[in-house]
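Please read them with the structure open.

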Amino acid sequence: PIAASHCLLGVVWGSAYIAFAWTRAPRIRRAGKAQGASEGNGGNFVYSFLDWTLPAGTQLLCIAALVGVLVAFHFGAMGLRLLVQGARALGVPFAARTLGFCAASVGLYRWRD
């Protein structure tokens, strides 16, 4: 089950991703230069929270936003779980619960992307 106490796991997972990406940064920069990337693009990162060329305040804000998104998705998944459990308690058939869960998941992923 998903619980509020598990929220820290998402933050740790995101932090591990940032650490991994930063260790890969020199290789990404070399590959970008080899393909003709301009020097004005900093480290040529796709994600702003990884770009060390940003001002410290902007970078901190980007990391805080990332943590906020991770926490929001965690509590969104927790809420979806509670909805499915509530539907079960009301006697909603398994197939209907499954379809509802899949529809909510697809909607969440499309909203995210």
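**Notes on the predicted model**

1. Start with Cys62. This residue is buried, because its relative accessible area is 17% and the cut-off for buried is under 20%. Keep in mind throughout that the model is predicted.

2. Compare Cys102. This cysteine counts as partly exposed, with a relative accessibility of 40%. Partly exposed covers the range between the buried limit of under 20% and the exposed limit of over 50%, so a value of 40% puts Cys102 in that class.

3. How many disulfides does a search of the whole structure find? The count is 0.

4. Now the fold. The chain has 3 helices and 0 strands. Along the sequence the pattern reads α-α-α. Helix H1 covers 7-34 and helix H2 covers 56-89, with a loop between them. Helix H3 takes in residues 94-112.

5. The mean pLDDT of the chain is 77, and 78% of the residues reach at least 70.

6. Ala25 sits in helix H1. Is Ala25 buried or exposed? Ala25 is buried, because its relative accessible area is 2%, against a limit of under 20%. Asp51 lies 26 residues from Ala25 along the chain, yet their C-alpha atoms are separated by 9.1 Å.

7. Look next at the loop between H1 and H2. Tyr47 lies in this loop. Its relative accessible area is 40%, so Tyr47 is partly exposed. Tyr47 also belongs to a nonpolar surface patch. Which residues make the patch? Tyr17, Phe20 and Tyr47 do, and the patch is about 330 Å².

8. Last, the chain as a whole. It has 113 residues, and 19% of them count as buried.

Terms used. Residues numbered from 1 in each chain as written. Predicted model: local features only at pLDDT ≥ 70, side-chain atom pairs only at ≥ 80, totals over all residues. Heavy atoms only, no water. Patch = residues over 30% accessible without salt bridge, like charges linked within 9 Å, V, L, I, M, F, W, Y side chains within 5 Å. Areas by Shrake-Rupley, 256 points an atom, 1.4 Å probe, with all protein chains shown as cover. Salt bridge = Lys/Arg side-chain N within 4 Å of Asp/Glu carboxyl O. Helix = DSSP H or I, 4+ residues; strand = E, 2+ residues; numbered from the N terminus. Buried < 20%, exposed > 50% of the residue type's maximum accessible area, 1.4 Å probe, protein only. pLDDT = per-residue confidence, 0-100. Disulfide = S-S within 2.5 Å.
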